[in-house]
Structure formats: C-alpha cells, structure tokens
Amino acid sequence: MFLIPKNWTSFQHYKDRAPPWIKLHKGLLDDSAFQRLPVASRALAPMLWLLASEEKDGAFCGDAAELAFRLRQSEEEITSALKPLIDNGFFILVRDASKPLADCVQLAVPETEESRGRDRVETESGFASFWSAYPKKKAKDDAK
C-alpha cells in the first residue's frame with residue numbers, strides 16, 4: 001500500500017524534482033481538522049510529508065513496519081497515529097493494484113454438455129411462463 005499526502009502539489013515548490021525539503025504552511029495552525037487530530041498524528045504528519053518529498057509524485061510506502069524503521073518508532077505508534085490522518089483525509093491510501101483485495105472464491109461451476117441442455121430446458125420453461133402471462137401475443141421469436 002502507498003500513501004499520498006492530500007494536496008501534495010501545494011507542498012512542492014519544484015515540480016520536476018524531489019527536493020530534500022518541503023513547504024510547511026502556517027495555515028495548519030488554523031486548520032481545525034488538523035488541530036483536532038491526536039498529538040501523535042500531528043507530530044507524525046510532517047515526518048510523512050518528508051518521506052513523500054523523496055518521490056516526485058509524493059507516493060511512498062505506507063507499510064507500518066517500513067515506516068516504523070524509517071521514523072524510528074514502534075509499529076503500534078505508527079499505526080495508531082496514522083489512522084486518524086487517513087480517516088480525516090490528510091493522507092490518501094492507495095492500494096497496490098497488483099495485489100488482490102480479497103481471496104478469490106469461485107462459486108461458478110464449469111459448464112458441461114449436460115448442464116447446457118438443462119439450462120436450455122429451464123430457459124424454455126421460463127419463457128413459456130413469461131409468454132403465457134405476456135399480454136401482446138406478437139413477435140414470439142423476437143421475444144424469445
């Protein structure tokens with residue numbers, strides 16, 4: 001999974017490179033949503049912005065173990081401080097498209113010659129019920 005800071009372009013002065021610094025706006029002082037975050041989340045946010053500055057698009061690895069190593073904190077501290085930042089939209093969680101969101105559970109049964117014949121009979125009997133209730137007895141082949 002990857003994280004991207006909200007409004008990442010507003011943190012970047014240079015658009016074509018990854019500078020070793022970020023802009024930190026004093027507007028955060030008056031951002032009530034940011035100020036309502038837990039202190040640990042407010043302390044973590046600038047560290048995550050610095051990690052984002054390493055990448056041109058601002059997307060960085062959001063794995064708790066990786067962040068714990070890079071920021072020299074425990075995974076529990078990272079996880080508990082990161083959740084409010086994501087929940088309140090300060091960071092956008094982007095899942096890796098190459099990994100499935102859930103395990104594959106296939107409920108379908110492979111089609112066989114026998115099942116095709118059975119399906120055709122069920123379809124024909126279903127159509128017969130429909131046709132008997134259909135008020136306009138016109139264009140039966142088209143309706144079928």
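The chain has six helices and three strands, where helices (H or I, at least four residues) and strands (E, at least two) are DSSP runs numbered from the N terminus. This is a predicted model in which local features need pLDDT of at least 70 and side-chain atom pairs count only at pLDDT 80 or more, while totals for chains, interfaces and linings use all residues. Residues are numbered from 1 along each chain as its sequence is written, and side-chain values use heavy atoms, with hydrogens and water left out.

Biologist: How is α2 oriented to α3: roughly parallel or roughly perpendicular?

Modeller: Helix α2 (residues 39-52) and helix α3 (residues 64-71) pack at about 95°, with axes 12 Å apart. Axes are lines fitted to C-alpha atoms over the stretch in contact, and angles run from 0 to 180 degrees between N-to-C directions. Angles of 65 to 115 degrees count as roughly perpendicular, so α2 is to α3 roughly perpendicular.

Biologist: Which residues of α3 make the contact with α2?

Modeller: Contact means heavy atoms within 4.5 Å. From α2 come L44, M47, L48 and L51, and from α3 come L67, R70 and L71.

Notes
Parallel < 35°, antiparallel > 145°, perpendicular 65-115°, else oblique.
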